[in-house]
Amino acid sequence: MTKSLREIDDKIKLVDAVVYVLDSRAPFSCINPSLNKAIIDKPIVYALNKADTVPDKELSGWVDKLTGKNTVAVKLNSTASNSAQIIASKLRLLCADKIEKKKARGINAVIRAMVVGVPNSGKSTLINNLCGRAKTATGNKAGVTRGQQWVKIDNYLEVLDTPGTLYPKLADQTIALNLAFIGSIRDEVVDTYELSLELINRLNRMGNAFTVRYGICPSDSPLKDLCAIAAKRGYILKGNEYDLARTSAAVIDDFRKGRMGKIILEKSNEH
Ligand SMILES: Nc1nc2c(ncn2[C@@H]2O[C@H](COP(=O)(O)OP(=O)(O)OP(=O)(O)O)[C@@H](O)[C@H]2O)c(=O)[nH]1
Ligand SMILES: [Mg+2]
């Protein structure tokens with residue numbers, strides 16, 4: 001078990017509910033089976049975060065799929081101010097019985113929730129949004145949060161920020177790639193050039209948004225597309241060679257920052 005999972009296991013008994021933060025571009029890949037085992041039986045609010053990066057219609061299928069007896073799912077853009085209040089209200093709803101029981105015993109009905117999810121899914125941003133200020137560190141890369149941190153939102157809600165958890169073994173190649181595309185795997189351990197070719201391949205299989213975005217002609221190979229983008233952008237090295245390192249980094253960055261438009265990698269009816 002990874003250290004972050006072990007830490008979740010240690011603290012799970014202390015919390016009333018879990019906020020499971022998923023990246024809306026790849027919700028299925030963000031669901032970690034090892035984590036599911038640790039949080040079993042807890043009420044869960046699934047935050048389909050970064051909802052601003054995907055077509056709204058596609059996300060509705062995920063909301064239906066993830067909403068159940070003890071779970072509820074919401075679309076969220078944690079960078080829009082006050083948007084995370086919906087999480088607080090869903091937590092109150094899911095924990096209503098527990099709150100009533102505590103009140104009946106004269107105990108202060110504070111809800112304690114653990115915020116979990118893969119690296120870079122926006123856990124700390126969501127918590128800052130809830131408190132209305134930057135109480136936790138955030139950043140556009142995997143592994144920003146290093147240790148767990150309790151944050152008091154108000155007298156009725158306390159949340160635990162946790163470092164992102166990945167599968168112990170990323171055996172499934174498609175899932176591993178999806179997580180790399182969305183920035184959940186540290187860039188230091190990913191080959192940016194190979195990753196950009198995989199991304200181009202995937203996006204081209206989904207339609208023509210990619211070639212339209214870059215104003216290039218569709219080709220039969222991701223490498224040709226990468227070269228065409230390098231030529232278009234003038235990313236040329238001395239000796240007239242294409243600067244493929246710079247181009248591949250730019251392609252990945254464009255995808256992650258939503259510059260290719262709203263794209264969902266995993267549709268709910270396919271999982
Ligand atoms: N577009 C968009 N970006 C978001 C959203 N939420 C978070 N981000 C961005 O995603 C990046 C990662 O956010 P963090 O809050 O640091 O993610 P984290 O899950 O805490 O990451 P770790 O601590 O590394 O596990 C930051 O650049 C945020 O600004 C969102 O709803 N929409
Ligand atoms: Mg964090």
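## Two domains

Domain bounds here come from an automatic or database domain assignment. For this chain, that assignment gives domain 1 (3–161) and domain 2 (191–270). The C-alpha centres of domain 1 and domain 2 sit 33 Å apart.

A quick word on the ground rules: this is a predicted model, where local features need pLDDT of at least 70, side-chain atom pairs count only at pLDDT 80 or more, and totals for chains, interfaces and linings use all residues. Residues are numbered from 1 along each chain as its sequence is written, while chains are lettered from A and ligands numbered from 1 in the order in which they are written.

## Where the domains touch

Domain 1 puts 13 residues into the contact and domain 2 puts in nine (two residues are in contact if their C-beta atoms, placed from the backbone, lie within 7 Å). On the domain 1 side, α2 (27–30) and α4 (56–66) each supply at least two residues; helices are DSSP runs of H or I, at least four residues, numbered from the N terminus. α4 gives the most to that side, with four residues.

## A helix pair

Now look at helix α9 (residues 192–206) and helix α12 (residues 244–256): their axes come within 9 Å and cross at roughly 55°. Axes are lines fitted to C-alpha atoms over the stretch in contact, with angles running from 0 to 180 degrees between N-to-C directions. That makes α9 oblique to α12 (under 35 degrees is roughly parallel, over 145 roughly antiparallel, 65 to 115 roughly perpendicular, and the rest oblique).

Among the residues making this contact are Leu 195 and Leu 199 of α9, and Val 251 and Phe 255 of α12.
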